[in-house]
Amino acid sequence: MIKIDGIKIPTPSDYMVGIMDLSKAERNARGTLIIERIATKRKIELSWNYLDKEDLSRLLKLVSPVFFKVEYIDPQENAWKSGTFYVGDRHVGALDYRNGNIRYKDIKFNIIER
C-alpha cells in the first residue's frame, strides 16, 4: 500500500490521505477575497494497531532522515503517486513486556509532502 525509499512497509491499520491547499489569501479594496493557490500537498496519516519490535525499528529508521521518497495510493488521482516527504511526531505505545520482549501497539505518525 505504501513504500518508503522503495521499501514496502507493513500495511497500516489506518491510512488517511489529506489533500492540503497552501494558499495566500487577502481581500481587495472592495472586500472580495483573492486566493492565490501556491501548491497542493499531501499529508498521510498512518497508524498500526500492533507491530513487532523488528518491524517497528525498521519503520522508524526509514522515516528518520529529514526527507525521504514515498510511493503511495492517491485517492484523487486513483493511482500510485510518489513524492518527497518528511515525518511528524512519532507515537508508540507499549502493550506489554514479557520474557525480555516488548510488544508495541498504537503506532502513529504523519508524513507530509515537502
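How many bridges pair strand β7 with β8, and in which sense? Six bridges join β7 (residues 91-98) to β8, in the antiparallel sense. This is a predicted model: local features need pLDDT of at least 70, side-chain atom pairs count only at pLDDT 80 or more, and totals for chains, interfaces and linings use all residues. Residues are numbered from 1 along each chain as its sequence is written, and side-chain values use heavy atoms, without hydrogens and water.

Strands here are DSSP runs of E, at least two residues long, numbered from the N terminus. Two strands pair if DSSP finds at least two bridges between them.

Start at the hairpin. β7 and β8 form it, with two residues between them. N99 sits in the turn and has a positive phi of about 50°. Further along, A94 stands opposite Y104 in β8.

β8 has other partners. Eight bridges join β4 to β8, running antiparallel. There, L46 has F109 in β8 as its bridge partner. Strand β6 (residues 79-87) is joined to β8 by three bridges, also antiparallel. F85 stands opposite E113 in β8.

Now the largest pocket. A pocket is an open set of points on a 1 Å grid over the protein atoms alone, where a 1.4 Å probe fits, with protein on both sides within 12 Å along at least five of seven lines. Its volume, the space filled by probe spheres set on the points, is about 160 Å³. Lining residues have an atom within 4 Å of a point. Among them are L46 and F109, the bridge partners named above. β3 (14-27), β4 (33-51) and β8 (101-113) each supply at least two lining residues.

Definitions and conventions. Helices (H or I, at least four residues) and strands (E, at least two) are DSSP runs, numbered from the N terminus.
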